[in-house]
Amino acid sequence: MAKIISVVNQKGGTGKSACAANLGVGLALMNKKVLVVDADPQSDVSAGFGFRDCDNSNETLTTLMEMVLNDEDIPEDCFIQHTEEGIDIICSNIGLAGTEVQLVNAMSREFVLKQILNRVKDRYDTILIDCMPSLGMITINALAASDEVLIPVEASYLPIKGLQQLLKTIGKVRRQINPKLQIAGILFSMVDAHTNDARNNMELLHNAYGNQIHVFDNYIPFSVRMKEAVREGQSIFKYEPKGKVAKAYMSFTEEVLEHGR
């Protein structure tokens with residue numbers, strides 16, 4: 001059975017989609033079978049693998065969740081797409097925002113995504129869920145289905161302060177919905193390590209949360225190459241395999257595997 005990891009932060013722009021995509025490819029390069037689930041209506045991780053027309057597709061997570069809500073049988077393949085970089089993906093589209101509204105009054109509303117993943121989790125070693133930047137019902141569904149939570153954060157003061165709300169939500173889900181849910185750790189992303197501000201804020205988070213939560217030793221440096229890779233529909237491993245970001249993601253991937261043993 002796959003280990004299911006949600007990549008979560010209610011603040012946008014923290015590198016969640018890049019983290020889900022590049023950790024997925026990093027694991028695939030280590031011969032792991034990986035599925036990435038795009039649970040964000042903005043479809044960033046889908047676009048990051050070249051799937052740019054998802055809003056005009058009926059073969060997305062939106063349709064799957066609506067089928068579960070309507071008590072319909074979901075297809076055996078769960079609309080899984082295969083990528084050139086060795087991972088599989090269930091794409092998202094803008095309709096997922098409407099699905100979030102439907103979930104509010106649904107029966108067993110927290111477990112719709114879990115029903116879908118139960119169909120496919122025996123095919124993979126790891127399933128990564130790229131969550132939307134909110135703590136709404138889609139994100140609660142992801143947490144209810146997950147074994148672990150991975151939290152990418154920027155090395156700046158306000159995102160670190162915002163962690164408190166996210167940690168409260170994770171604790172509430174653990175107590176009321178998913179007792180096995182654990183926090184895999186906090187990953188610093190888009191770090192400009194040459195600035196005192198970044199270094200000071202990384203130290204601040206270590207001091208505030210390091211005794212309770214694992215903070216990954218590896219961090220992802222800021223680079224315009226990352227945005228270029230997304231624009232080309234590629235992971236950083238394919239776009240710039242010898243660059244500093246690819247090396248950082250590989251080291252991070254190794255740390256994730258080591259920490260998860």
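**The sheet and its strands**

Modeller: In this predicted model, seven strands make up an open sheet with mixed pairing, and their order across the sheet is S3-S4-S2-S5-S1-S6-S7. At the edges stand strand S3 (81–82) and strand S7 (182–189), and each has a single partner strand, so one side of each is left without a neighbour in the sheet. As background for reading such an arrangement, strands of a sheet pair through backbone hydrogen bonds, either parallel or antiparallel.

Let us follow the end of the order that holds S1, S6 and S7. Strand S1, residues 3–7, runs parallel to strand S6, residues 148–154, and three bridges join the two. To place one of these pairings on the structure, find Ile5, whose bridge partner in S6 is Glu148. Strand S6 is also joined to S7, again in parallel, this time by seven bridges, and here you can look for Pro152, which stands opposite Leu187 in S7. Strand S6 is mostly covered, since six of its seven residues are buried.

Turning to the helices, look at helix H4 (residues 96–103) and helix H6 (residues 137–145), whose axes come within 8 Å and cross at roughly 80 degrees. An angle of 65 to 115 degrees counts as roughly perpendicular, and therefore H4 is described as roughly perpendicular to H6. On the H4 side the contact is made by Leu96, Glu100 and Leu103, while H6 contributes Met137, Ile138 and Asn141.

The relative accessible area of Ser223 is 13%, and because buried means under 20%, Ser223 is classed as buried. Its surroundings can be traced in two steps: the side chain of Ser223 reaches the backbone nitrogen of Arg225 at 3.1 Å, and, leaving aside residues up to four places away in sequence, Ser223 touches Lys244 and Val245.

Key
Residues numbered from 1 in each chain as written. Predicted model: local features only at pLDDT ≥ 70, side-chain atom pairs only at ≥ 80, totals over all residues. Heavy atoms only, no water. Pairing = 2+ DSSP bridges. Helix = DSSP H or I, 4+ residues; strand = E, 2+ residues; numbered from the N terminus. Buried < 20%, exposed > 50% of the residue type's maximum accessible area, 1.4 Å probe, protein only. Axes fitted to C-alpha atoms, helices over the stretch in contact; angles between N-to-C directions. Parallel < 35°, antiparallel > 145°, perpendicular 65-115°, else oblique. Contact = heavy atoms within 4.5 Å. Polar contact = N/O pair within 3.5 Å; in protein donor to acceptor, adjacent residues only side chain to side chain.
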